[in-house]
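Trainee: I would like to learn how to read a model like this one. Could we go through it feature by feature?

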Amino acid sequence: MVRDITLGQFFPGNSILHRMDPRMKIILMLTLIIFIFITFNFFALGLVVATVVVIVGCSGVPVKLFLKSLKAVIFILLFTSVLNLFYGSGTALWHWGFLSITLAGIYFAIFISIRIIELIFISSSLTFTTQPTDLTDAIERLLKPLNHLHISVHEIAMMMTIALRFIPTLLEETDKIMSAQKARGADMESGNIVQRIKAMIPVLVPLFVSAFRRAYELAMAMECRCYRGGEGRTRMKQLHYSKVDFYCLGAVLIIVSGVILCNIFLPAVMR
Amino acid sequence: MNVLETENLRFVYGENTPFEKVAVDNLNISIEKGEFVGIIGHTGSGKSTLVQLFNGLLKPSTGRVLLNDVDIWEKPKEIRKIRFQVGMVFQYPEYQLFEETVYKDISFGPKNMGLSDEEIDKRVRDAAKFVDLKDSLLEKSPFELSGGEKRRAAIAGVLAMDPEVLILDEPTAGLDPMGRDVLLSHIHAYHKTRQNTILLVSHSMEDIARTADRILVMNESKAAMFSNTAEVFSHGKELIEMGLQVPQITRIMMSLREHGYDIKPGILTVEEALQVLLQKIEKEGAAHGS
C-alpha cells in the first residue's frame, strides 16, 4: 500500500535522461511544464503530448511506474476535469437543473486532464532518472544567485536533501510499523473513512516518535562530522554539461517554438 | 502433528523491476506442535521474510503455507484470524508502542480479537506476568519505561493474544547481556508453561543453542539445514562457510577435537562442556596413575 508512492523514487538506468546534467534537466522540464499551460489549441497540445511520450519512452523506466505515480492524483484529476466540464460558457449541449455542459466545457475538461497527466509524467521522469542527491545539488547551483539576496540557498538545499533522503526511510519505517500493528490484528483495509483514520493512530504515533529520534540522531551525527553550513564547502561530485545536454536543449527549443507558432497561427479553442 | 508446513514456498520482492529479489525459494519444511525452533541465517538470507509469510503479512508468490493443515490464504478476508493464531514479535518491537499506558498497549491485540473486557484484563495481566512487568508499570506511559522494559511490554502485547505459534524476530537485539538473559528465560518459561510452538529468529548462536530443539538454517533463500540443535552445530565448517558462527563453547570443543582429543561433536553449553571435560580428565588421570 505504502510502496505505491513513487514520488522521489529513483529508477536506475543508463538512458539519455539518466546521463543528462541535472541542472539542464530541471531547466528543460520546467520549460516544458510552463509550455503545457500555454497551449491554446489541439495542435500545440498534441505537440507537447508527443514530446512527453518521447521523454517517457527515452527514460528507460517502465510505463507502469509512470501510471502508478498517476494513481496518487487520480482523484484530483477526475474532480478537476468533471468540475471544468460544467464551467464553459456558450450554448449548452446538455443541461440538468443549473448544470449545463457546453463545447467549451468539454474542451476545458480535456485540456485540464491532459495537462495534469503531462505535469505528473514530466516531473516523475525527472525524479525517476535523477538521484535525489544530484537533484538537490542541481537546485542549489541553480538558485545560487539568490545568495545575493541573503537567502541561504545551501541550507534550503540541505533541508531538501535530508527530506528526500528520508522519504524511503520513513516509508520503510511506516511499512514496518504497519506490519507490526497488523500482526496485532489492526485492521487498516476496511471500514469507513473515520474508522480508517482512527486505525492510522497506532501507525502515526510510533512514526512521529521515530522521526524525531532520527532527526536528533542525524543532527548529532552531522555535528560530529563538523558540519557548519555551506560556506567554503567543496564538492566531491562536480557537475558538467555534455553534448547530450545541448542536443536536448536544442530539441526543447524547437518544440517550444513549434508550440508558440501553433498558438499564433492556428485558431485557439482555449482562453 | 505439524502445526506449520510449507509447500514449495517462494517469495519474490519487487517482481518485474530492477530491484527484483528472490527472498524465499522453494521451501518445504514442517514444524511440529510444541516445538521450539531456532531460525538462523546470514543477513538477507530470507529468514525475516519467511516468518512474515508464516503469519500472512506477506502473501507467497507461489506455493502454500499450511497452518494445522489448512492453507492460510484459503480465505484471504479472514487473514486476521491467522495473525491472532500465529503471533509475531518484530525486531525492535518497542518502536511500535503507541498507547497512553502500557496496559492499553498490551490490550491492543486482544481488543482487536473482539474479546470481552474481563477476558482482555485477564490476558493483559497474564502476559505482563510472563515478561515480569510489575503492576505499577502498567499504568505508566510506555515512553517512560527503560529500554528493556519497553521491549518486554511490546512482547507482552503479542503474548496477550495467546497465539498458538509465537514467532520472535531477534528479540534480544540491542539488549545488554543481563536484559538478554532475563528475556530468554522468560521466553523459555513461557514455552514450558503454555507448551505452544515457538520460532526464534536470531543472530546469536548462544541464544539459539540455549533454547531451541531444532534449528532451521537459511542460506541464500533456501533451507540449508533443518535438524536438531546438536546436529546442526556439529556442522561447524559448513556454518562458517555460510557466514554463520557456532556458539563459542562449541567452537572451543571443536578445536580440541581437531587437535586429536576424543570429544563428541555438537556440544552446546558451557555446563555440558564442563561435564565432558571433567569426565575426560578423570579417565585420563586414572590412566596416567596406573
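This is a predicted model: local features need pLDDT of at least 70, side-chain atom pairs count only at pLDDT 80 or more; totals for chains, interfaces and linings use all residues.

Trainee: How many helices and strands does chain A have?

Mentor: Chain A has ten helices and two strands. Read from the N terminus, the order is α-α-α-α-α-β-β-α-α-α-α-α. The C-alpha trace of chain A spans about 65 × 55 × 40 Å along its principal axes.

Trainee: What share of the residues in chain A is buried?

Mentor: Of the 271 residues in chain A, 38% are buried.

Trainee: Which share of the contacts in chain A joins residues 24 or more positions apart?

Mentor: Take the contacts in chain A with a separation of 6 or more: residues 24 or more positions apart account for 76% of them.

Trainee: How many positive and negative side chains does chain A have, and how far apart are the centres of the two sets?

Mentor: There are 25 positive and 16 negative side chains in chain A. The centres of these two sets are 3 Å apart.

Trainee: Now the strands of chain B. Where do side chains point in a regular strand?

Mentor: In a regular strand, side chains alternate between the two faces of the sheet. Strand 7 of chain B, residues 86-89, has Val86(B) and Met88(B) on one side and Gly87(B) and Val89(B) on the other, and all of these are buried. Both faces of strand 7 are therefore covered.

Trainee: Are the faces of strand 8 of chain B covered or open?

Mentor: Both are covered. Val165(B), Ile167(B) and Asp169(B) are buried on one side, as are Leu166(B) and Leu168(B) on the other.

Trainee: In which sense do strand 7 and strand 8 of chain B run, and how many bridges join them?

Mentor: Strand 7 and strand 8 (residues 165-169) of chain B run parallel and are joined by four bridges. Val86(B) has Val165(B) as its bridge partner, and Gly87(B) stands opposite Leu166(B).

Trainee: Over how many bridges does strand 8 pair with strand 9 of chain B?

Mentor: Strand 8 pairs with strand 9, residues 197-201, over five bridges, in the parallel sense. Leu166(B) has Ile198(B) as its bridge partner in strand 9.

Trainee: Is Ser221(B) buried or exposed?

Mentor: Ser221(B) is buried, because its relative accessibility is 8% and the cut-off is 20%. Ser221(B) lies in the loop between strand 10 and strand 11 of chain B, and its phi, near 70°, is positive.

Trainee: Where is Leu261(A) found?

Mentor: Leu261(A) is in helix 10 of chain A, residues 243-265. With a relative accessible area of 47%, Leu261(A) is partly exposed. Leu261(A) and Ile76(A) are 185 residues apart in sequence, and their C-alpha atoms are 31 Å apart in space.

Technical notes. Residues are numbered from 1 along each chain as its sequence is written. Chains are lettered from A and ligands numbered from 1 in the order in which they are written. Side-chain values use heavy atoms; hydrogens and water are left out. Buried means under 20% relative accessible area, exposed over 50%, partly exposed in between (1.4 Å probe, protein chains only). Contact means heavy atoms within 4.5 Å. Lys and Arg count as positive and Asp and Glu as negative; His and the chain ends are not counted. The place of a charge is taken as NZ of Lys, CZ of Arg, CG of Asp or CD of Glu. Two strands pair if DSSP finds at least two bridges between them.
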